[in-house]
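Colleague: Could you take me through a few local features of this model? Please give the cut-offs as you go.

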Amino acid sequence: MKFIDLNAQYEALKGEIDEEIKKVLTSCDFILGHRVQEFEEKLANYVGRKYAITCSDGTAALQLAYMAYGIGIGDAVFCPDMTFIASIEPACLLGATPVFCDINDKSYNIDIESLERQIKNVQKEGKLKPKAIVAVDFVGNPADYDRIEQIAQKYNLLLIEDAAQSMGASYKGKKCGSLGDVSTTSFFPSKPLGAYGDGGAIFTDDDRIADKLKSLRVHGKGEDKYHNIAIGINSRLDEIQAAILLVKLGHLDEEIEIRQDIANYYKENLSDEYIIPYIEEYSISSFAQYVIKSKVGENREDIAKRLKEKGIPTIMYYPEPMHNLPVFKSVNLYGESLANAYDYSREHIAIPFSAYLNKEDQNLIVEFLKK
Ligand SMILES: *Cc1c(COP(=O)(O)O)cnc(C)c1O
């Protein structure tokens with residue numbers, strides 16, 4: 001059994017994907033060509049933003065977003081303590097300082113009270129300028145944007161949505177990728193909308209920011225490529241990935257529906273013995289990962305071992321909160337305990353999940369998880 005069955009998806013979409021890749025090879029138009037443009041238009045339309053600007057990967061998407069808003073030295077960027085390092089790493093690279101906030105113990109997304117405490121702590125200390133919040137739709141579950149936006153407005157902060165795990169998900173009828181001031185995503189193969197290599201995108205409704213992003217992703221180009229107006233980076237999506245993503249985008253909504261069915265099946269069968277993902281009734285999760293925790297205190301290493309013996313893979317997602325990573329050991333925590341993020345990192349385990357997980361495998365997983 002596979003943790004995320006990319007083979008099964010390829011088998012299902014092979015006819016379309018192979019044909020589209022062949023067309024790219026015949027056209028010999030490889031970088032930022034008409035397929036990238038078509039994909040950007042369809043993707044923007046899909047999430048409900050004016051612009052989708054593609055780039056080389058999800059980390060670069062975040063870097064470009066931070067760069068477009070001029071985040072840098074002396075700026076504090078508020079980030080949930082439970083995420084992938086790429087949410088905050090590009091801000092650090094630009095000289096900004098990460099400020100970690102605890103997660104909510106139900107949604108596993110950034111905790112609003114902890115966020116506001118940290119903003120006040122930074123203000124009180126007076127060394128850094130509170131500048132941005134990066135909210136993460138953790139494991140595909142949208143963060144609480146109504147409340148985060150209130151905080152962002154109250155303290156005049158930029159709100160970035162890291163939607164790397166939440167393509168196809170939605171919050172109060174709005175698609176992930178359309179929340180906050182600017183959103184970013186990743187097309188890493190195992191993400192809900194995955195390419196066959198690296199890829200990413202930034203979403204915005206702001207004409208000026210869109211222009212900046214289009215320049216920054218091609219070395220700060222101006223009117224043309226050799227008339228540079230800013231220090232940028234090289235971060236482009238290629239035509240083969242765009243061709244694959246165009247096919248997969250066409251199937252995303254039906255996959256998201258199947259993901260809901262599988263999640264419901266897990267819920268029905270596992271919720272007596274496990275704490276299962278909590279999704280608000282106004283949200284739809286993409287279930288980029290399906291994470292569980294034993295209710296009776298069985299530790300996750302034992303669960304992993306028990307499943308491995310039956311050929312069922314699991315992963316620790318993620319095994320460390322940000323504040324515990326060696327690279328961040330000198331980051332000021334302002335006395336926040338970050339206990340929910342820590343507990344989450346020690347107790348949760350992700351079980352196989354994808355739109356192509358067949359009923360037989362679902363049954364096996366449920367059977368061996370139930371004692
Ligand atoms: C995957 C991921 C990224 C980075 O995407 P890449 O395409 O791997 O660079 C950023 N943030 C989160 C939350 C992610 O899961």
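Modeller: Helices (H or I, at least four residues) and strands (E, at least two) are DSSP runs, numbered from the N terminus. This is a predicted model, in which local features need pLDDT of at least 70 and side-chain atom pairs count only at pLDDT 80 or more, while totals for chains, interfaces and linings use all residues. Residues are numbered from 1 along each chain as its sequence is written, and side-chain values use heavy atoms, with hydrogens and water left out.

Colleague: Okay, where does Ser294 lie?

Modeller: Ser294 belongs to strand E12, which covers residues 290-294.

Colleague: And is Ser294 buried or exposed?

Modeller: Ser294 is buried (under 20% relative accessible area, with exposed meaning over 50% and partly exposed in between, for a 1.4 Å probe and protein chains only), because its relative accessible area is 8%.

Colleague: Which backbone nitrogen does the Ser294 side chain reach at 3.2 Å?

Modeller: That is the backbone nitrogen of Gly297, and a polar atom of the Ser294 side chain also lies 3.1 Å from the backbone nitrogen of Val296.

Colleague: Switching to H3, how many of its residues are buried?

Modeller: Helix H3, residues 58-68, is mostly covered, with 10 of its 11 residues buried; among them are Leu62, Leu64, Tyr66 and Met67.

Colleague: What happens at the start of H3?

Modeller: There, a side-chain oxygen of Asp57 comes to within 3.0 Å of the backbone nitrogen of Thr59.

Colleague: And what follows H3?

Modeller: Gly70 follows H3, and its phi is positive, near 70 degrees.

Technical notes. Polar contact = N/O pair within 3.5 Å; in protein donor to acceptor, adjacent residues only side chain to side chain.
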